[in-house]
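Visitor: I'm new to this one. Could you walk me through it, feature by feature?

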Amino acid sequence: MTDSCKILMIFPLFNSGSFWNYKEACELTGARYPAAPLGLITVAAMLPDSWDVRLINRNTELLTEEDLAWADMVMTGGMLPQRNDALHIIETCRAKGKPVVVGGPDVTSSPSVYKAANFQVLGEAEEIMVDFISAWRSGAREGVFEAPMGKTDVTKSPLPRFDLLKLNQYLHVGIQFSRGCPFSCEFCDIIELYGRVPRTKTTEQVMAELDALYALGYRGHVDFVDDNLIGNKKALRKFLPDLKRWQNEKRFPFEFSTEASINLADDAELLSDLADSNFFAVFIGIESPDTDTLVMTQKKQNTRRSLQQSIEIIHNAGIFVNAGFIVGFDSEKGSVASGMIECIEDTSIPVCMVGLLYALPTTQLTRRLLAEGRLFVDDGQTQSGDQCTAGLNFETSRPRRNVLDDYRTVLGTIYEPTAYFGRVRRLGRMLKRKRAHQMIKGDLRSFFRLLFRIHRAGPGSALQFWRMLLDCALHNPKALPYVVMTSALYLHLGPFARQVVEEIDREIIKLDQGHWQRPLLQQNSTKELLQSA
């Protein structure tokens with residue numbers, strides 16, 4: 001006789017004041033949130049077929065009393081910016097007597113914060129869900145299940161339960177080809193969670209995922225959520241011809257984005273293969289234009305190269321770059337604002353995620369700051385934003401006020417309408433797309449909505465948008481869909497940048513008036529110092 005169990009999967013809210021929520025861009029397309037919860041639907045596929053699974057994404061829909069009453073067990077968890085709501089979900093479930101399981105990167109990094117949950121699933125779930133299911137069936141109602149870091153064979157990862165998603169609620173859906181990154185950046189927790197040896201799925205696995213999305217009627221943007229898509233170039237080269245063949249056979253139903261390191265620009269053949277497969281965007285962590293900073297943080301792959309030339313090569317291949325920058329490194333000898341602004345303008349990257357340095361749990365940076373007695377105590381709660389407003393959780397090496405002043409200068413400058421749409425205009429001239437954008441249902445409606453709403457992004461936005469649009473139409477019409485896409489993001493980015501600058505202004509005033517109180521510093525025991533060494 002098969003057992004049965006009603007599983008309610010709840011994806012927690014992301015903190016509202018986040019760079020990534022793109023609320024206004026979602027509204028243009030009728031979506032409710034940018035990205036679908038790939039982790040939970042992958043775990044759902046590991047559960048017994050006889051178990052009944054439902055998914056509630058708190059970012060797109062309401063969680064009701066009826067939902068909780070239906071469930072025998074609740075599964076939740078996510079990233080650091082979801083911590084506040086994940087803890088709220090756990091508290092609610094415990095109050096109602098519902099066993100709750102928590103997994104994902106944040107509980108893996110900070111398990112003590114989630115001690116109220118009945119079960120913790122730490123690390124990659126593929127190999128330990130069998131143990132969890134066995135324990136549940138045998139009557140266990142609490143426990144900790146931990147996988148060894150970076151050891152899971154991803155060729156055993158199941159086809160995610162895309163059928164659990166309301167696909168029309170998202171700007172894009174994610175799939176994964178590989179896990180891990182070969183680099184060792186001091187501030188990054190990817191290598192701590194998933195290892196430095198990128199592990200790849202088989203071509204058959206990824207094609208099955210694309211087939212599943214296609215069969216469900218999904219068309220449009222698919223994001224490869226890999227930590228670094230080119231971390232295992234050999235496997236990627238083998239995979240891309242099959243991806244291109246699949247796209248050709250299906251008449252290119254998907255456009256792809258991903259994350260990669262900047263050495264992508266060194267490989268013309270790989271860039272061409274990505275473009276032929278219809279990759280249109282890549283996120284690259286630039287972090288800083290300062291070589292000393294890159295060396296200190298062990299991001300040496302960004303040194304010994306011209307950032308401007310590297311980005312231009314990628315743009316000329318028909319793939320546009322979004323980038324990450326960070327303010328607050330120890331190696332900053334003085335003001336970094338002008339150098340960072342110059343780098344962003346020279347590379348013509350419109351969408352730049354500029355954040356304040358945050359020492360994530362488990363990273364080399366956190367271990368070093370703890371050993372130096374500079375890390376602030378973690379109270380288990382996160383603020384309402386992300387690293388744009390909740391960074392610098394440590395004693396900075398240069399005056400905190402100076403770091404914050406640089407940060408607000410960069411944000412205020414690069415997201416001023418003339419600067420932003422100037423970069424979009426230059427991107428529009430450089431972007432050499434091999435394929436025309438495949439129109440999907442709702443594209444025209446979204447475009448006309450943008451025309452009527454662009455003025456909401458702030459004074460001067462509409463004028464700069466129209467100038468940029470005309471320039472692209474005259475010089476490179478194939479790039480029009482992508483400059484329109486980038487312009488739609490400004491509906492969020494322009495007001496968001498101004499909001500962050502206002503928050504930083506208030507923090508600087510508190511510093512100037514002597515009202516800012518430094519949080520307590522974490523104490524490091526001799527044992528912890530030895531472990532971190």
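Visitor: Which residues is Cys185 in contact with, leaving aside its neighbours within four places in sequence?

Guide: Some ground rules to start: this is a predicted model, where local features need pLDDT of at least 70 and side-chain atom pairs count only at pLDDT 80 or more, while totals for chains, interfaces and linings use all residues. Residues are numbered from 1 along each chain as its sequence is written, and side-chain values use heavy atoms, with hydrogens and water left out. Contact means heavy atoms within 4.5 Å. By that rule, and with neighbours within four places in sequence set aside, Cys185 is in contact with Ile191, Thr297, Gln298, Lys299, Gln301 and Gln364.

Visitor: Where is Cys185 found? And is Cys185 buried or exposed?

Guide: Helices (H or I, at least four residues) and strands (E, at least two) are DSSP runs, numbered from the N terminus. Cys185 is found in the loop between β9 (178-179) and α7 (190-194). As for burial, buried means under 20% relative accessible area, exposed over 50%, and partly exposed in between (1.4 Å probe, protein chains only). Cys185 has a relative accessible area of 7%, so it is buried.

Visitor: How do I read a sheet, and what is the strand order in the open sheet of 6 strands?

Guide: Two strands pair if DSSP finds at least two bridges between them. Here the order is β3-β1-β4-β5-β6-β7, with parallel pairing. β3 (52-57) and β7 (143-146) are at the edges with a single partner strand each, so one side of each has no neighbour in the sheet. From one strand to the next, the twist averages 20°. Axes are lines fitted to C-alpha atoms, for helices over the stretch in contact, and angles run from 0 to 180 degrees between N-to-C directions.

Visitor: How many bridges join β5 and β6?

Guide: β5 (residues 100-103) and β6 (residues 119-122) pair over 3 bridges, in the parallel sense. Gly103 stands opposite Val121 in β6. Helix α6 (residues 129-137) lies across β4 (73-76), β5, β6 and β7, and runs at about 160° to β4.

Visitor: What do the polar contacts of the Glu124 side chain join it to?

Guide: A polar contact is a pair of N or O atoms within 3.5 Å; within protein, one must be able to donate a hydrogen and the other to accept it, and residues adjacent in sequence count only if both atoms are side-chain atoms. Glu124 sits in the loop between β6 and α6. Its side chain makes a polar contact of 2.7 Å with the side chain of Arg179, and another of 2.9 Å with that of Arg199. Glu124 is buried, with a relative accessible area of 5%.

Visitor: What about strand β8: how many of its 6 residues are buried?

Guide: 5 of the 6 residues of β8 (residues 170-175) are buried, so the strand is largely enclosed by the rest of the structure. β8 pairs in the parallel sense with β2 (residues 33-35) over 2 bridges, and with β11 (residues 220-224) over 3 bridges. Tyr170 is the bridge partner of Tyr33, while Ile175 stands opposite Phe224 in β11.
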